[in-house]
Amino acid sequence: MKQVKAWRDLKYLDDNATSIGSPMCSLVGSMCRERQRGPSQMGKDNCYLFILNQLPAAPEAFRRISWQKWDVVSLIGSNSNAPSNPKPNTNGTDGKEWWQAEELDAGDAPASVSLPLDVWSPLLPHSTGLTEIAIRPCIVSPSIAGDICAPKTTPEEDALKGKWVRVGKDLNIMTGMWWLSIYYRRTRRLDVPLITSLHLLRSNESVSSLPGSEHSWVRASGDLHDGLYPSEDPLYLYYQVKKPLAGIPAGVELEELVTEVDVQYGEAKHLAWGFSKSNIPVVDGRDGSKPRQAVWITYRKGMNSSPKAPPLHFSDDGKFKILQVADLHYSVSRGECRDLDPNDLPPGLLNTNDPCHGDTVTQSLLAQTLAAEKPSLVVFTGDQLNGQTTSWDAQSVLLKAVGEVIAAKIPWALVFGNHDDEDTDLTRSEMMRVAKRMPYAVREMEEGPQWVDGVGNWLVKVKSADASATHLLTLYFLDSHAYSKSGWTFWKSADYDWIKQSQIDWYIEQSALIAPIERPFTPDGAKDLGTVWETRQEDKRLAKPNALMFFHIPLPESYSPADVSGSGETLSYGQQLEENGAPKKNSGFFEKGILASKESEDPTNTKHEVKVVSSCFMLKAHVPSPRSLTFVPAIRSRMDTATLQTFAKESRASGCALEGESRCIKALFWFSFCFLKRLELIWIRKSRVSSGEVFMVPGLAAYPTNRFDRRFRIYEVMDYGETIRTYKRTQDGTITGDTVLEGKGSKGAR
């Protein structure tokens, strides 16, 4: 038996398996057309050269067309010994599905031989080794003075060992009196000694304690505690060198070479892919009245390119699950829980007698949720970084934010919030480039077109798992920016920014490019057409796939009255108790973009392409007393005293988490009152912070008697994209707010 697949790599079945792309004959011709001429265009014609290929005719008995693409059909000859129930073919190779096939990312992973040797970029897949390391102090910031404090060198040494390269992280940041940098040399040569290991030793420790020969270890010039305040005993970096590799077969020992050095701050639970951290920190982290964050030297051996996320696809039974995470507000520090009874936490999140560090416990809660839900995709919808002077090393904090998802090997994507690039060392564009190179980041995630305002305007098409790879769901991601550039005064913060006209134009353009499919979708298989026919008798229509949209700051329409169902039910769930957090300017994105994009050109079909708009966002409210909810303006204006007392007992409010570090003082509270409503047939979900309607808080802060348990929002898309269900998973595993937003049973009932 031979199988025929007539979509991408179809081969017509004959004795020689002639390819569909093999022409039986060709016709070459030319044609010239006289162009309409003006006085200055005499004698100019348009000429064309064309080639016509005649393809071999497909045997009619072997050609069958499916509902979406070509069906896979099996042809069993009289001499075949094949089984009577063969497995369906795939678009992959070696028995793999199409989405399991390895894909080359040209441009995303450039050839290592072409990478520059004198530029520090730790996430690039270098395969070249290091020859020398040095530590150098400088009383002037390298960002201003460049490398005036770099180690001395000569042209001969540069030619032999490579030029000095500065690691762009300050070892003395937040802890020293001047700048302290690591320098290294990199070379492509294999006839010089190359570094294979790093180790830190205190001044009272001997190199004899290190593995291997003492003569193989070299002490880097300089003291890692140079300029540290308060001063501490010297700390030295030793590196081990190996004999020249010239003459050794390629690949035998290259993986032993140290190919990159970086610096990471904080707990460093999650490192950049392929990196290891030094045996001890350069600076120990400590809590207390004068806290400081740990500083680690990290290094990578070999290339260790980051694993790529597979193309997003539905499961074989037509499901795709999204876990949404918003407003983590992580800092370089571990965070500090406040006003929290550790006994209220679910088992396993905090060890007995351990201090409660908000970010650390939140990471554990996220890990538990990932294990329970097993999502197809995790979407971070802004404010992964706390900003406000606490996220001064964006890469370290971003690694903390996505680390648990990477460890679970789950594809992930992100958009930015108003705090992500606030008081940190990277711009949004730089942060997006860092994120794209992290493991399991969605391949389509990008900065977006240059003509479109913001960073992170992009979309991804989720496809079927069968051989047709049909586009079944669209996910749009937009940058809602941070603060408007006008209206800032010294007595109040600037207003929130809005979706720009260029983004509206981009969305309309991209939506128009989405091709309609035949819905409901039925996956291709290897069944006989007559059998398939029986399962495809339900009503079908041509329409674009359903779509979801994610950004951070809510649209002004989020506060408009909700739709009313045919039975008179107001389709709004949850409580809106916070102040209006939408931009004061309405750019018209909801009306000109979202409502204008229909799923079909059929005038009788009034449905919109986008079915869910999800934004997540935090707000501060001023409170005279940290224990009193009575004076919260955002609540008091909507509740009487009796309702407030009930709310304080049954609902919960979350307090600031990072005491002494995030500008969260006892007179400021983060509120998380969230709601889900339908407006003009589109579901809008808005929330304020990860502690309430959604997911986590900035650190883990709460009150022991009226806390708001932490929750995650899940979207489960079923029936090959036709049904969209949403629910929340609380920190103790309870499922709440189960609602069908689109598809069968979507009447707004909870």
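How many bridges join S12 to strand S13? Three of them do, and the two strands, with S13 covering residues 295–301, run antiparallel. Keep in mind that this is a predicted model, where local features need pLDDT of at least 70, side-chain atom pairs count only at pLDDT 80 or more, and totals for chains, interfaces and linings use all residues. Residues are numbered from 1 along each chain as its sequence is written, and side-chain values use heavy atoms, leaving out hydrogens and water.

**The sheet**
- Three strands make an open sheet in the order S11-S13-S12, with antiparallel pairing (strands are DSSP runs of E, at least two residues, numbered from the N terminus; two strands pair if DSSP finds at least two bridges between them).
- Strand S11 (258–265) and strand S12 (275–277) each have a single partner strand, so one side of each has no neighbour in the sheet.
- Ser276 has Tyr299 as its bridge partner in S13.

**The disulfide**
- Cys138 and Cys149 are joined by a disulfide, S to S 2.0 Å (a pair of cysteine sulfur atoms within 2.5 Å).
- Cys138 sits in strand S5 and Cys149 in the loop between H1 and helix H2 (155–161), so the pair ties together parts 11 residues apart in sequence (helices are DSSP runs of H or I, at least four residues).
- Cys138 is buried at 7% relative accessible area, while Cys149 is partly exposed at 21% (buried is under 20%, exposed over 50%, partly exposed in between, with a 1.4 Å probe and protein chains only).

**Around Val140**
- Val140 lies in the loop between strand S5 (129–138) and helix H1 (142–145).
- Val140 counts as partly exposed, at 31% relative accessibility.
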